[in-house]
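I wanted to get my bearings in a structure I had not looked at before. Here are my notebook entries, in the order I made them.

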Amino acid sequence: MQVRRRTVLAASLALALGAGPLAAPALAAPGPVPAHSTATGPDGAALGAAISGLPDADATAALVRVGGTDGSWRASAGVHDLESGRAADPDARFRAGSTTKVVTAAVVLDLAAEGRVGLGTPVRHYLPDLLGPRFAGVTVRQLLNHTSGIPAGDGFGNSFAEQYAHRFDTLSPRAVVASAVAKEREFAPGTQQHYLNVNYTVLGLLVEKVTGRSYASEAARRVLRPAGMRDTYFPGTDPRIRGPHNHGYQAVRQDDGTTEFVDVSDWNQADRFAAGDMISTTADLERLVTRLFRGDLVPRPQLREMFTLPARIEGATMSAGLQRFEFGGRVYWLKSGARYGYGTLVAATRDLSRTLVLSVGATDAKGEAMNPVTERIARAALK
């Protein structure tokens with residue numbers, strides 16, 4: 001099974017870094033620590049096996065919550081950090097990456113329910129100076145379901161080494177969008193689907209323009225607080241993860257053939273903005289998916305957009321903020337996220353009979369293939 005293959009460039013691991021990386025751990029891996037389980041529902045033995053043996057070459061830690069009406073299972077494994085080797089904190093905060101898009105989509109759909117945003121309205125109606133003439137026809141809905149044709153924006157380079165060198169620098173969301181719209185469009189709006197962060201970066205700027213408030217404050221007001229997500233926030237230009245958190249690492253291949261692990265916990269993610277800047281916990285993300293799917297955060301007419309694929313686009317799997325995925329005879333709606341050192345996945349059936357939230361301390365979170373630990377957990381949890 002592969003939940004989703006990320007369409008990003010693989011990180012370059014052959015370059016030596018200036019900072020002093022940690023050597024690969026030789027310590028014995030702590031076993032999984034179950035926090036709660038039930039006799040029915042999820043296969044606890046398979047899930048326990050999926051996270052056993054951490055830390056390993058693929059991940060330093062795993063935090064897992066499986067829930068829903070047919071039973072629950074929770075556990076953590078691995079280490080808080082490689083230096084101390086102490087057990088991973090099951091309640092730790094982490095960089096949630098692109099699961100931020102679920103929150104952004106909910107905010108935009110709530111604004112649509114209030115009549116302040118039209119889903120079929122061109123984005124230039126709200127942000128006339130942001131998108132150039134070649135993107136004049138792009139609608140709000142096309143940003144939500146990644147059918148806009150706007151190409152990717154530029155960052156601080158493509159390789160891990162290039163980006164790591166700028167980890168404390170700030171790249172504004174507007175600069176990212178400006179670099180994207182300066183290029184030719186990838187395709188005519190509404191004719192293809194290509195998942196790109198830039199769509200949700202524009203949506204964050206739209207939220208700010210329509211409401212007159214920051215994206216972070218509007219997301220907190222409309223989604224985080226109503227969902228009870230008390231440990232979730234948007235750090236902006238602050239490179240730190242506030243509060244308890246497990247360290248994240250990137251595996252770097254050295255010239256002599258050895259692999260070393262660079263601590264990437266501190267990183268300014270301001271350019272990810274409404275597309276991927278959120279810090280959260282597994283408990284909070286479980287609250288998000290449960291309250292959202294129940295219709296508590298977005299009115300039901302607009303909520304349907306999150307479970308509707310764009311029509312007449314062959315192979316389309318992404319809706320507004322989510323992705324449709326079939327496995328084990330069930331249909332799941334999910335969202336994954338990846339920032340260096342941290343990989344996240346949220347998934348649920350529409351009726352909430354099964355939910356999954358996981359955070360994995362992935363050592364190559366921005367690689368092209370799904371992390372093996374994440375894949376093992378997903379196979380065990382979603383069957």
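Predicted model: local features only at pLDDT ≥ 70, side-chain atom pairs only at ≥ 80, totals over all residues.

**Entry 1: the whole chain**
I counted up the elements and got 11 helices and 12 strands. Then I checked burial: 57% of the 383 residues are buried. I also looked up contacts with a separation of 6 or more, and 72% of them are between residues 24 or more positions apart. The accessible surface comes to about 14700 Å², with 49% of that belonging to carbon and sulfur atoms.

In soluble globular proteins, nonpolar side chains tend to be buried together. The largest core here has 68 residues, and Val103, Val140, Leu144 and Met306 touch the most other members. Helices H2, H3, H5, H6, H7, H8 and H9 and strand S11 each supply at least two residues of this core. H2 gives the largest share, 9 residues. Apart from this core I found another, of 28 residues, including Ala50, Ala75, Leu356 and Ala380.

I followed up Leu144. Beyond its neighbours up to four places away in sequence, Leu144 touches Ala105, Val108, Leu109, Leu119, Tyr200, Leu203, Ser319, Ala320 and Gly321.

**Entry 2: helix H5**
Which residues of H5 are buried? In this helix, residues 173-181, I listed Pro173, Val176, Val177, Ser179, Ala180 and Val181. I then asked what they pack against, and found helix H6 (197-211) and helix H8 (273-276).

**Entry 3: either side of helix H3**
Thr139 sits in the loop between helix H2 (100-113) and helix H3 (140-144). Its relative accessibility is 11%, so Thr139 counts as buried, the cut-off being under 20%. Leaving out neighbours within four places in sequence, I found Thr139 in contact with Leu119, Gly120, Thr121, Pro122 and Val123.

Ser148 is buried, with a relative accessible area of 1%. I checked its contacts, again not counting residues up to four places away in sequence: Ser148 touches Val138, Gln142, Leu143, Phe187, Pro189 and Asn199. I also took a distance: Ser148 and Ala188 are 40 residues apart in sequence, yet 7.5 Å apart in space, C-alpha to C-alpha.

Is His146 buried or exposed? I got a relative accessible area of 3%, so His146 is buried.

Phe273 also has a positive phi, near 45°. I located Phe273 in helix H8, and at 12% relative accessibility it counts as buried.

I noted a cis peptide bond as well, from Leu54 to Pro55, with omega near 5°. Pro55 lies in the loop between helix H1 (44-50) and strand S3 (59-67).

Last, I looked up the second largest pocket, which has a volume of about 240 Å³. It is lined by 15 residues, and the closest to its centre are Arg141, Asn145, Leu309, Pro310 and Ala311. I sorted the lining by class: 6 nonpolar, 6 polar and 3 charged residues.

Definitions and conventions. Residues numbered from 1 in each chain as written. Heavy atoms only, no water. Helix = DSSP H or I, 4+ residues; strand = E, 2+ residues; numbered from the N terminus. Buried < 20%, exposed > 50% of the residue type's maximum accessible area, 1.4 Å probe, protein only. Contact = heavy atoms within 4.5 Å. Areas by Shrake-Rupley, 256 points an atom, 1.4 Å probe, with all protein chains shown as cover. 1 Å grid on protein atoms, 1.4 Å probe; cavity = no way out; pocket = protein on both sides within 12 Å on 5 of 7 lines; lining within 4 Å. Points joined across faces, edges and corners; volume = space filled by probe spheres on them. Nonpolar A, V, L, I, M, F, W, Y, C, P; charged D, E, K, R; others polar. Core = buried A, V, L, I, M, F, W, Y, C linked by side-chain atoms within 4.5 Å.
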